[in-house]
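Keep the viewer open and click along as we go.

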Amino acid sequence: MNTATQWRGADLARQIVVLSAVSFMLIAAVIGAGAFGNSAVQDQQGGALDTDGSYLAPAGPAFSIWSVIYLGLIVYAVWQALPSQRTNPRQRALGWLIALTMTLNGLWLVAARFGTLLLTVVDIALLLAALGWTFRVAVATREPRGGVADSVLIDGVTGLHLGWVTLATVANISAYLTTVVPPRWEDAADAIGIAVLVVVALIGLAIAWRSGWRITPALALAWGLSWLAVERFTGEPQSGPIGATALVVAAVVLLPPAIVRVLRLIRPSVD
């Protein structure tokens, strides 16, 4: 078998795997949403994953971002399956990685439904690592003036996925620790929550800086942080200090890439 034939086989396999991964993720999402008579994600694991499960859980409307991410991943899966994308070097570099992130996304829902809370922490940590690597490759392989579809469906969707999962990982770990640490730790909840959010700010800025100030991870992160603040101000458990810190961190994470984005629109020297 010559090299060209091997490439064609690998390219077709990649396209099929991406379509299979998005199908698995969507089936898991439907089950996780409470279809077929089972409980929804927020009601599983004894309610630990609900908005009142920890001091770092965002309010319910924050999770509507999944609709945008899922829609983007569906459109990406269809787009990458087109014959014109089969031998695209960027698809070759990213298709397998994006398929991995979709698979881990679906596995988290499986873990929440059939596994343990600790297993969800392990899975979401792996998902965050996979998304970080995928976004790094996306930035490295981005071609100037690469096209709207390429920009939105690869860079944009992966960036949103990464930004949201960054905060979701914090919330997931917080939910797990809430179930295992001594109750007296709640006395230090404000201090611990603020310290964690400071780390989130540093991570958000690091993602923006390492990606050339891409804005989509910051948008998703700021979205989640804003709803975290809403939940701490109006929901349970309440914490004014954590809510206020979340709003400050949202601004800190979003403003630098937003400013850079505006400057690039004024002086479009880079893509």
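Start at Asp 150, which counts as buried at 9% relative accessibility; buried here means under 20% relative accessible area, exposed means over 50%, and partly exposed is whatever falls in between, with a 1.4 Å probe and protein chains only. Before going further, some housekeeping: this is a predicted model, where local features need pLDDT of at least 70 and side-chain atom pairs count only at pLDDT 80 or more, while totals for chains, interfaces and linings use all residues. Residues are numbered from 1 along each chain as its sequence is written, and side-chain values use heavy atoms, with hydrogens and water left out.

Back to Asp 150, which lies in helix H5, residues 148-180. Helices (H or I, at least four residues) and strands (E, at least two) are DSSP runs, numbered from the N terminus. What joins the side chains of Asp 150 and Arg 90? It's a polar contact of 2.4 Å. That term covers a pair of N or O atoms within 3.5 Å; within protein, one must be able to donate a hydrogen and the other to accept it, and residues adjacent in sequence count only if both atoms are side-chain atoms. Leaving aside neighbours within four places in sequence, Asp 150 is in contact (heavy atoms within 4.5 Å) with Trp 79, Arg 90, Arg 142 and Asp 155.

Now hop to Gln 91, found in helix H3, which spans 89-114. Gln 91 is buried, with a relative accessible area of 0%. Its side chain and that of Tyr 76 are joined by a polar contact of 2.9 Å. With neighbours within four places left out, the contacts of Gln 91 are Arg 14, Tyr 76, Trp 79, Gln 80, Gln 85 and Ile 154.

Of its 271 residues, 45% count as buried. Among contacts with a separation of 6 or more, 81% come from residues 24 or more positions apart.

Pro 58 gives you an example of contacts across the sequence. This proline lies in the loop between helix H1 (3-32) and helix H2 (65-80), and is buried, with a relative accessible area of 4%. The C-alpha atoms of Pro 58 and Gly 224 are separated by 6.3 Å, though the two are 166 residues apart along the chain. Beyond four places in sequence, the contacts of Pro 58 include Phe 63, Trp 164, Gly 224 and Trp 227.

Some of those names come up again among the aromatics. A search of the whole structure finds 5 aromatic pairs. One of them is Trp 223 with Trp 227, edge-to-face at 5.9 Å centre to centre and 65° between the planes. For the cut-offs, rings of Phe, Tyr and Trp (its six-membered ring) pair if their centres lie within 6.5 Å; planes under 30 degrees apart count as stacked, over 60 as edge-to-face and the rest as tilted. How far apart in helix H7 are Trp 223 and Trp 227? They are 4 residues apart in H7 (residues 216-234), so about one helical turn separates them. Trp 223 is partly exposed at 34%, and Trp 227 is partly exposed at 24%. Elsewhere, Phe 63, Trp 66, Tyr 70 and Trp 164 form one aromatic cluster.

Finally, have a look at the second largest pocket, with a volume of about 510 Å³. On a 1 Å grid over the protein atoms alone, a cavity is a set of points where a 1.4 Å probe fits but cannot get out, and a pocket is an open set with protein on both sides within 12 Å along at least five of seven lines; lining residues have an atom within 4 Å of a point. Grid points are joined across faces, edges and corners, and the volume is the space filled by probe spheres set on the points. This pocket is lined by 20 residues, with Tyr 55, Ser 174, Leu 177, Thr 178 and Val 181 nearest its centre. H5 and helix H6 (189-210) each supply at least two residues of the lining. Which helix gives the most to that lining? That's H5, with 5 residues, the helix where Asp 150 lies.
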